[in-house]
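Please look through the model below with the strands, helices and a few single residues in mind. The paragraphs after it follow the chain from one region to the next.

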Amino acid sequence: MSSEERLYYVVSQIAKSLELKNYKYTRSGIDENIENYLGELVFVTINGETNDGEIKKDIVVKFAPNNTSLRESGALEVVYSVEAAVYTVLLPYFRRLSKFDTRELFPECLFTDCTQYKEVLAVSNMCSNGYRRHIDNKFLDIDHMIVSLKSLAKFHALSMVLKNNIKEEDWNNLLPNCFEYPPKYTTSLRLSWQGNLDKLLDTKRDIFSKIDANFDDVIINNIKDAKCLIYAHGDYWKENILFKYEVIPVQVQDSEMTHEERLTVTLKKLVEKLEIKNYEYHFRNIQETIENYFGILIPITLKGENKNGDWLKELIVKMPPNQAILRELGVIKVLYGSEVFVYNVLIPYYRRLSKFDLNQLFPKCYYADSTLNNEVIVMKDMCKEGFQRFSGDRFLDADHIIVSLKSLAQFHGLSMILQYNVKNIGDEEIMTPYISSYPRQLMVALKDSLRNHINIFKDTDYEGFYSMILTNFDHIVDNNTYKASRLVYGHGDLWKENILFKYEDNKPISACMLDFQTTRLLCPAQDVLIFILTSAETKVRRKCYEFFLSTYYDCLQQTLSQHSLDPETTYSRSDFNRDLKTVAFYSFIASNLAFALWLGLEEKALIQKSTNKRYIDILLDRLEKALLKFDNTNYVPMLQHLKQNCTKYIEDVYSSSERNCLCHGDIWKENILYKYEDNKPVSACLIDFQTARMSSPAFDVLYLITSSANSKLRQKHFASLIEIYYSTLLEFFKDANFETVYSHRQLEKDLKTVGPACFIVANTALWLSSGLQQEGHVRSKKILQSEIEIAMAVDNYKAIIKGILDDFIGYGYLPEILS
């Protein structure tokens, strides 16, 4: 029978037992089907009519897998006969004897059949009752452990209650073969145990060897010496448990959720906080959604009712981007921790202390959360208040700079007022000033940028200047904090993209500050100088520099005086002038990185680095696995060389290439959609840009050919494929009236540069796609269930890798030592 015929048969039997009329069934979605070692789970909804009216049943149908080795071993016969007996004999007993509701303890069984080749089990879908699997790939936390143990205790207790309520001979025969281990099962355990002995550390080998020597006694005594035997689960772990949650736990808000799912949860919390009822929301314009390095900005309209009547707000919801690398590095935690602190702590203080209207200075915040995996900020959309982004060229003109400096002066002044009036607001950790050792990732990025610029300005008058700054980097950064006259809560990243402007007669009259992710205690002169350096072009800066400084300080002086603070004792002009000299070098360093990012020159900071530790560890692990498979072959020296130089080769892809551009990073047949005419592909659509990065275009080209073409095709057409790529590139340049910036010579040189890295990455991908990666966080989708399947997969993997190595040596893409 086909799988659909088997499903139809099961559904008809369920409909018959429920006395359904005019019934029909639908799959809940083919994507929800799950296949594990001993069963294929199909999710189905049945709708029909009974004498009492309409009925709907969400069910899970579990079919035996089409696995010859499992059937020949007798495993399917044993497990399906036992599970069928549990559902049809044991659990009905439990339901009758129990004094509590067991419907939450295990599913209702609707149909079973354990005859050979027809093994099937249909039960109620507990996910429809609010249950679901534990979403983490690792271990259960304490809360999940507690509820799991409680359920297990109830299951065991029901078994003990049943044992005391029926005759012994009936008890012993409730389930088939339940008081001894099947011979084939113990044989499988022994083979698995012995297979793992060779992998154990020598320090533990003696302990495990003793167990191995007494293996049969261990298995027999497990039953023989037990004081009490009951009908137990036997395979109780997190994958065999569904959990129900009264409130969605914080951990659910992770990077796997879609933006709309996260948005729905956020707005639910917001309306509860504001006591809004009968609410609804809609996206105003999906084109207005903005994503930058550290945030996704979603414009929405939220309306509902509160105690005062109808309520409507135009909002911006800011969420962190779904980039795992940013979470691993702790960037999201730091940036959102700072910005939420500003909106939840600093600005409410400022509103209470200020004697002027702050509604034009920064947005009103309605909700903010910085807890792990729930980071979000909901604020007023200032564009609906007449503000807008600067739409001019790269730099601001003098008018825009003036209103921006006035807003910055007010922001700094509010900090000084707060520090004077409130001695402790609990900012010690989140607002820690920058020093040469903190935050580490930023300091690394700043130093890397300086090194890159030394190369850019090599053999010029500026090379020595950059070298001097890099040599004195720690001293410069530390002085920026320790030698400043005073520290305030500064913005940390004020430039034109973090400011909205309001206009009258096309002239800016006020500036609203945004994006407080880098706010912390810093020297006010630093904010001022970095803003002028990054926002004013050279001509304007040279002409108006002193006027800009006076504009800032006059506004600061006015703000302090309004709030009864003496500018001379709080922060004098001489203090400000002295601080400008103190922070000058650091301001240059920070502006240097900002311009490099802006102009696309700082690839390592702009796009996630290929060389993050986890990634390199994975590549090294797969090379080690390759070495084991190619043991005692001529390929061992080359694989050892690649492993020893792995990090260097990966870094060469973007640091030693002739030309870098934004590349796909994982371009192979599974990440391409094709369009056909007369069964011939005529165009290709690229998808899945999760590994996009700045690197050599040669890597994408070589990786596509390596991972998606077999050795025979490569040997015949490799040169032609390279020419097709390059001629298409030239044609595009010509059509775009763009000069050729990547010569054929440069491409050929880069192909040799990226060759080793391309092989290293391809080896990792092919190990995974061959089905050989069965442990760790990322596992092969293909499950190899017999020794024969594993051996065939290894042979196939080795043949592909051998072909790539031989081809690369022939192309000259691997170092001389390897050939």
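A hairpin of two residues connects strand β3 to strand β4. Helices (H or I, at least four residues) and strands (E, at least two) are DSSP runs, numbered from the N terminus, and two strands pair if DSSP finds at least two bridges between them. The model is predicted, so local features need pLDDT of at least 70 and side-chain atom pairs count only at pLDDT 80 or more, while totals for chains, interfaces and linings use all residues. Residues are numbered from 1 along each chain as its sequence is written, and side-chain values use heavy atoms, with hydrogens and water left out.

Strands of a sheet pair through backbone hydrogen bonds, either parallel or antiparallel.

Strand β1 also holds Asn-22. This residue is not a glycine, yet its phi is positive, at about 50°. Is Asn-22 buried or exposed? Asn-22 counts as exposed because its relative accessibility is 64%; the classes are buried for under 20% relative accessible area, exposed for over 50%, and partly exposed in between (1.4 Å probe, protein chains only).

Further along, Tyr-87 is found in helix α3 (residues 75-97). With a relative accessible area of 15%, Tyr-87 is buried. Leaving aside neighbours within four places in sequence, the residues in contact with Tyr-87 are Pro-92, Pro-107, Cys-109, Leu-121 and Val-123, where contact means heavy atoms within 4.5 Å. Tyr-87 and Phe-106 are 19 residues apart in sequence, and their C-alpha atoms are 9.3 Å apart in space.

Helix α4 (residues 142-163) contains Met-145. Met-145 counts as partly exposed because its relative accessibility is 36%. Together with Ile-142, Ile-146, Val-147 and Leu-149, Met-145 forms a nonpolar surface patch with about 440 Å² of accessible area. Patches are made of residues with over 30% relative accessible area and no salt bridge, with like charges joined within 9 Å and nonpolar side chains (Val, Leu, Ile, Met, Phe, Trp, Tyr) within 5 Å. A salt bridge is a side-chain nitrogen of Lys or Arg within 4 Å of a carboxyl oxygen of Asp or Glu. Accessible areas come from the Shrake-Rupley method with a 1.4 Å probe, and for residues only the protein chains shown count as cover.

Next comes an open sheet. Its three strands have the order β15-β17-β18, and the pairing is antiparallel. Strands β15 (387-388) and β18 (507-513) are the edge strands, each pairing on one side only. Two bridges join β15 to β17 (residues 499-504), and Phe-387 stands opposite Lys-502 of β17.

Helix α12 (residues 398-421) lies across β17 and β18, running at about 35° to β18. Axes are lines fitted to C-alpha atoms, for helices over the stretch in contact, and angles run from 0 to 180 degrees between N-to-C directions.

Two loops are worth a look here. The loop between β17 and β18 contains Asn-506, which has a positive phi of about 65° although it is not a glycine. Asn-506 is exposed, with a relative accessible area of 77%. In the loop between α12 and α13 (440-456) is Pro-439. The peptide bond from Tyr-438 to Pro-439 is cis, with omega near -10°.

Which residues are in contact with Leu-560, leaving aside its neighbours within four places in sequence? They are Gly-413, Met-416, Ile-417, Leu-565, Pro-567 and Thr-570. Leu-560 belongs to helix α17 (residues 538-562) and is buried, at 0% relative accessible area. From Leu-560 to Leu-414 the C-alpha to C-alpha distance is 8.1 Å, although 146 residues separate them in sequence.

Pro-567 is also in contact with Ser-572, as is Tyr-553, again leaving aside neighbours of Ser-572 within four places in sequence. Ser-572 is found in the loop between α18 (567-571) and α19 (573-582). With 4% relative accessible area, Ser-572 is buried.
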